[in-house]
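Have the sequence and the 3D view ready, and follow along as we go from one spot to the next.

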2 protein chains.
Amino acid sequence: MRVFNFAAGPAAMPEEVLRQAAEEMLDWRGSGMSVMEMSHRGREFMSIHEEALGDLRELLEVPASHHILFMQGGGLAENAIVPMNMLGSRKTADFVVTGSWSNKSFKEAAKYCTPHLAASGETSDGFTRAPRRAEWQLSDDPAYVHLCTNETIHGVETFDIPDLGDIPLVADVSSHVLSRPLDVAKFGVLFGGAQKNIGMAGVTLVVVREDLLERALAICPSAFEWKTVAANNSMYNTPPTYAIYIAGLVFKWLKRQGGVRAIEARNVEKSKLLYDTIDASDFYINKVERASRSRMNVPFFLADESRNEDFLAGAKARGLMQLKGHKSVGGMRASIYNAVPLEGVNALVEYMKEFEKDRA
Amino acid sequence: MRVFNFAAGPAAMPEEVLRQAAEEMLDWRGSGMSVMEMSHRGREFMSIHEEALGDLRELLEVPASHHILFMQGGGLAENAIVPMNMLGSRKTADFVVTGSWSNKSFKEAAKYCTPHLAASGETSDGFTRAPRRAEWQLSDDPAYVHLCTNETIHGVETFDIPDLGDIPLVADVSSHVLSRPLDVAKFGVLFGGAQKNIGMAGVTLVVVREDLLERALAICPSAFEWKTVAANNSMYNTPPTYAIYIAGLVFKWLKRQGGVRAIEARNVEKSKLLYDTIDASDFYINKVERASRSRMNVPFFLADESRNEDFLAGAKARGLMQLKGHKSVGGMRASIYNAVPLEGVNALVEYMKEFEKDRA
């Protein structure tokens, strides 16, 4: 029996995708091979790769000015790969820190430059808000401005994306890519690990504007130099072929759901249901300001934290899995990515109400 | 119908592994989740990870002095990751170049040091031999000596592994790991992409001796710093969980085959069959000296190269797939990794004999 999976990533996958992957495992469409046995340069895999790229470009509305790269190493690796590709001759980059992930990006950049903290969303309650553009204090000549548009651990999402003109905006979109439309033209670079809304862990999405490919430092490993990766259509080194195939199946599934605008409406509905339940009483607490509340990752606390284990055990007994909060913040977290169905969120809020009634 | 797959990597997988992966795709052992949906820090995936590590340690006979890491980026990324982790305060590293792959390693290292060419296997016929230890001319104080113990493109394998004493030996074992026993204690570092004998593309094996973890350069990305990866049991960044799961299934399969010594005997038999067929006439040519002939990758040429397309078409019609040689050398290449059954090699040599008889 399948459970409802609220993991922060790796996370729930659409069941249709898993069924198709299982069916095609031994023989992909009459090729006599599994996708994982195919040469990445063969006709069969090339068609899988091109179709995934095309569908993603359509879903994300990526303009022709931007390359789509499939890389490896996840968001954490990009924390170093971004400055190695973007600094050029500049000595600083600016960071808007809204939680754990952008903070890690800020710290890692110090290996390559003197990063500047342009704004912080930290308050006495921890990271609870996304600073507005008017609050950002940019340095004189930053190579780029880094933003994590959705903080997986703190549940802080940035909804207003500013236009920075000539300064390239770099965004870590790992945990909400494809959950809502993004105006890609406003970004110099988007990157993200796949293991939330794209597919399985092991492939990293990078969307980069053509004119930004000329800034790599000499120490940037060739396999992670975007210009080299782009020139080789993500096949400079052997790509994670099966992870790209699975991503392609997810893109097809998302198109069948009506695309990003349709899934956004469902994500609004799912997250509203959960936040409304949290806000309806003092039994559950979420401290993030309303305008910055993530639609993907909903951290919440029991007012009485001695009941945490009790809450998790009861949830598990109903097949509501992986609800424990990140160890750095504690409490609970429900990650409700695209592939988590409304029924899953309904089952969760029903359980939360009953748990509250029984213990109140 | 399944074909016989001679791809150089990604390559043939054991059919039993694919069947099990398909069966477990929607619900791994009653968990209600696919492996690709599991948190990497959850009990279920941790057990998969630990079992894969344990089985690999047993199969490769990795001593307690060495860590086993699962990373990302493949062998090509390691060409930069190795010097960034190994140089410390030294200014050079030594390279034994036996083909395309070690040549790429040699060139990439120039981003971080002044690499020294200690020996080359290049002859007037291209890369056709592995220089013996007596031929290696080491520099005065190299940080390490790099060797590619099996060259996938040129089909050159190094069988005699020297003991370099205090100088760490670093080996790219991508395309023959687990095909024969290796005395791991002789190596400071072993690395390799998974997509030949370990499983699917997207996970990179690194085996590194504990005392070598202190040499990383400050510019080494945290996600690729072996010390950090080792301290976090390969979970500093989200690991490629599904690729690790598949590798674990391959390790179990290999144990059922009798382990590395048993598979080596089969690899000797398979490669002998193929080389004997090539050597039996002037119709087929392999230029690698006998003592350096790879048991995994067998490149060969038709004496009359105008028949190449004809040969490949006839092979395909019999379900003998992906036999085209690498574009940099041309001709044919049969990669006969662990998962390619003896029946596959039998079918290939039978076809080769008939093709020769029909055209001679």
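How many residues of chain B are in contact with residues of chain A? In this predicted model, 63 residues of chain B touch 63 residues of chain A. Putting the two chains together buries about 4900 Å², and carbon and sulfur atoms give 59% of that area. On the chain B side, B:Leu26, B:Met36 and B:Glu37 lose the most area to chain A, together 14% of what that side buries.

What else links the two chains? There are 26 residue pairs in polar contact between chain B and chain A, counting pairs with both residues at pLDDT 80 or more. Helices H1 (15-23), H3 (74-86) and H6 (241-256) of chain B are the elements that give two or more residues to the side touching chain A. The largest share, six residues, comes from H3(B). Sorted by class, that side of chain B has 34 nonpolar, 17 polar and twelve charged residues.

Some charges pair up across the interface too: the rule finds four salt bridges there. One to look for is between the side chains of A:Lys111 and B:Glu225, at 4.0 Å from N to O.

**A spot with an annotation**

Now find A:Arg41, which the "binding site" annotation of an unreviewed UniProt entry covers. This residue is in the loop between helix H1 (15-23) and helix H2 (43-60) of chain A. Is A:Arg41 buried or partly exposed? With a relative accessible area of 46%, A:Arg41 is partly exposed. Leaving aside neighbours within four places in sequence, A:Arg41 is in contact with A:Met46, A:Met235, A:Tyr236 and B:Lys327.

**A buried serine**

Next, go to A:Ser335 in strand E16 (residues 332-335) of chain A. Here the relative accessible area is 0%, so A:Ser335 counts as buried. Its side chain makes a polar contact of 2.9 Å with the side chain of A:Asn297. Beyond its neighbours within four places in sequence, A:Ser335 is in contact with several residues, including A:Asn5, A:Phe6, A:Met296 and A:Val340.

**Salt bridges within the chains**

Over all chains, the count comes to 54 salt bridges. Here are some that sit inside a single chain:

| Salt bridge | N to O distance |
|---|---|
| A:Arg90 and A:Asp141 | 3.0 Å |
| A:Arg129 and A:Glu289 | 3.5 Å |
| B:Asp279 and B:Arg293 | 2.8 Å |

A:Glu289 is partly exposed, at 24% relative accessibility.

In chain B, B:Asp279 belongs to helix H7 (residues 259-279) and B:Arg293 to the loop between strand E13 (284-285) and strand E14 (297-302), so that pair ties together parts 14 residues apart in sequence. B:Asp279 is partly exposed at 29%, whereas B:Arg293 is buried at 9%.

Finally, salt bridges with shared partners join A:Glu51, A:Asp55, A:Glu58, A:Lys252 and A:Lys255 into one network.

Methods: Residues numbered from 1 in each chain as written. Chains lettered and ligands numbered in written order. Predicted model: local features only at pLDDT ≥ 70, side-chain atom pairs only at ≥ 80, totals over all residues. Heavy atoms only, no water. UniProt positions renumbered as here; feature names shortened; annotations may be inferred. Helix = DSSP H or I, 4+ residues; strand = E, 2+ residues; numbered from the N terminus. Buried < 20%, exposed > 50% of the residue type's maximum accessible area, 1.4 Å probe, protein only. Contact = heavy atoms within 4.5 Å. Buried area = accessible area lost by both parts, 1.4 Å probe. Polar contact = N/O pair within 3.5 Å; in protein donor to acceptor, adjacent residues only side chain to side chain. Nonpolar A, V, L, I, M, F, W, Y, C, P; charged D, E, K, R; others polar.
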